[in-house]
Amino acid sequence: METKSRTLEITVLSAEGLRIDNKPVKKNAYVVVSVDPFNNKATKVDGEGGSYPSWNDKLVMEMPLQTRFITLLVKCKGFRGEKTVGLARIPVTDFVGGYSPATCLQFLSYRLRDPKGLKNGIIKVSLRVKEPLQDCSSQAAAGGGGNAAMIGLGIPIDGRRDYGMVTGIPIWTGYPSNSLF
């Protein structure tokens with residue numbers, strides 16, 4: 001069974017140094033997380049944190065396989081309406097396809113940019129991709145003949161060729177030229 005999306009579990013932890021028009025945010029900040037224009041969720045409003053809000057809200061969303069960025073939009077509610085505090089775009093490659101498995105919980109921090117493009121605080125999140133169980137079993141079945149100890153070779157991004165990959169963990173496969181082996 002082929003899946004067209006993955007389940008993303010993102011916890012918006014906190015932010016620091018939030019400002020609107022060069023003045024500290026007083027209260028009522030929240031975050032809108034978007035994986036595409038039609039799929040977004042918001043955290044609860046932090047009414048007390050001011051420039052250093054804390055949400056600790058876990059949001060579970062379906063993330064299409066073609067998604068390249070997750071967008072975090074920090075907003076503030078006031079008596080004159082909502083204002084955008086800052087925006088951060090998280091490349092999906094920061095947590096999928098690296099040396100650590102995508103299903104591992106990762107803690108990341110990103111610089112926020114205000115609508116003018118200027119630095120405006122930092123946002124902290126944790127995230128992981130929850131893989132469906134049928135994908136794991138179908139991959140094992142596709143391995144052929146029950147050979148679970150298959151070794152795949154890869155070339156790291158920096159171009160060095162002295163590393164191999166065994167089940168996603170980098171290992172050294174080269175030998176020094178003066179080695180007895």
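Is Glu 9 buried or exposed? Glu 9 is buried, at a relative accessible area of 8%, where buried means under 20%, exposed over 50% and partly exposed in between, with a 1.4 Å probe and protein chains only. The views below start from the whole chain and come back to this residue.

A note on the model: this is a predicted structure in which local features need pLDDT of at least 70 and side-chain atom pairs count only at pLDDT 80 or more, while totals for chains, interfaces and linings use all residues. Residues are numbered from 1 along each chain as its sequence is written, and side-chain values use heavy atoms, with hydrogens and water left out.

View 1. Helices (H or I, at least four residues) and strands (E, at least two) are DSSP runs, numbered from the N terminus. Read from that end, the order is β-β-β-β-β-β-β-β-β-β-α-β-β. The chain has 181 residues, and 34% of them count as buried. With contact meaning heavy atoms within 4.5 Å, 57% of the contacts between residues at least 6 apart in sequence join residues at least 24 apart. The accessible surface is about 11800 Å², and carbon and sulfur atoms account for 56% of that; the areas come from the Shrake-Rupley method with a 1.4 Å probe, and for residues only the protein chains shown count as cover.

**View 2. The largest nonpolar core has 35 residues.** Such a core is a set of buried Ala, Val, Leu, Ile, Met, Phe, Trp, Tyr and Cys residues joined through side-chain atoms within 4.5 Å. Those with the most contacts inside this one include Leu 8, Val 33, Ile 70 and Phe 95. Among the strands that each supply at least two of its residues are S1 (5-16), S6 (54-64) and S9 (106-113). Strand S4 gives the largest share, six residues.

**View 3. Val 125 is among the core residues with the most contacts inside the core.** Leaving aside residues up to four places away in sequence, Val 125 touches Ile 10, Thr 11, Val 12, Leu 13, Leu 72, Ile 90, Gln 106, Phe 107 and Leu 108.

**View 4. Strands S7 and S8 form a hairpin.** Two residues lie between these strands. Their pairing is antiparallel and runs over ten bridges; two strands pair if DSSP finds at least two bridges between them. Thr 71 stands opposite Arg 89 in S8.

**View 5. Glu 9 and Lys 58 meet in a salt bridge.** The term stands for a side-chain nitrogen of Lys or Arg within 4 Å of a carboxyl oxygen of Asp or Glu, and the count by this rule is seven. Here the N to O distance is 3.9 Å. The pair links distant parts of the chain, with Glu 9 in strand S1 and Lys 58 in strand S6, 49 residues apart. Back to the opening residue: Glu 9 is buried, whereas Lys 58 is exposed at 53%.

**View 6. Glu 16 and Lys 124 form a salt bridge with closest N and O atoms 3.0 Å apart.** Glu 16 sits in strand S1 and Lys 124 in strand S10, 108 residues apart. Both ends are partly exposed: Glu 16 has a relative accessible area of 28% and Lys 124 one of 29%.

**View 7. Glu 82 forms a salt bridge with Lys 75.** The closest N and O atoms are 3.7 Å apart. Glu 82 is partly exposed at 46%, while Lys 75 is buried at 19%. Elsewhere, salt bridges that share partners join Glu 9, Lys 58, Arg 128 and Lys 130 into one network.
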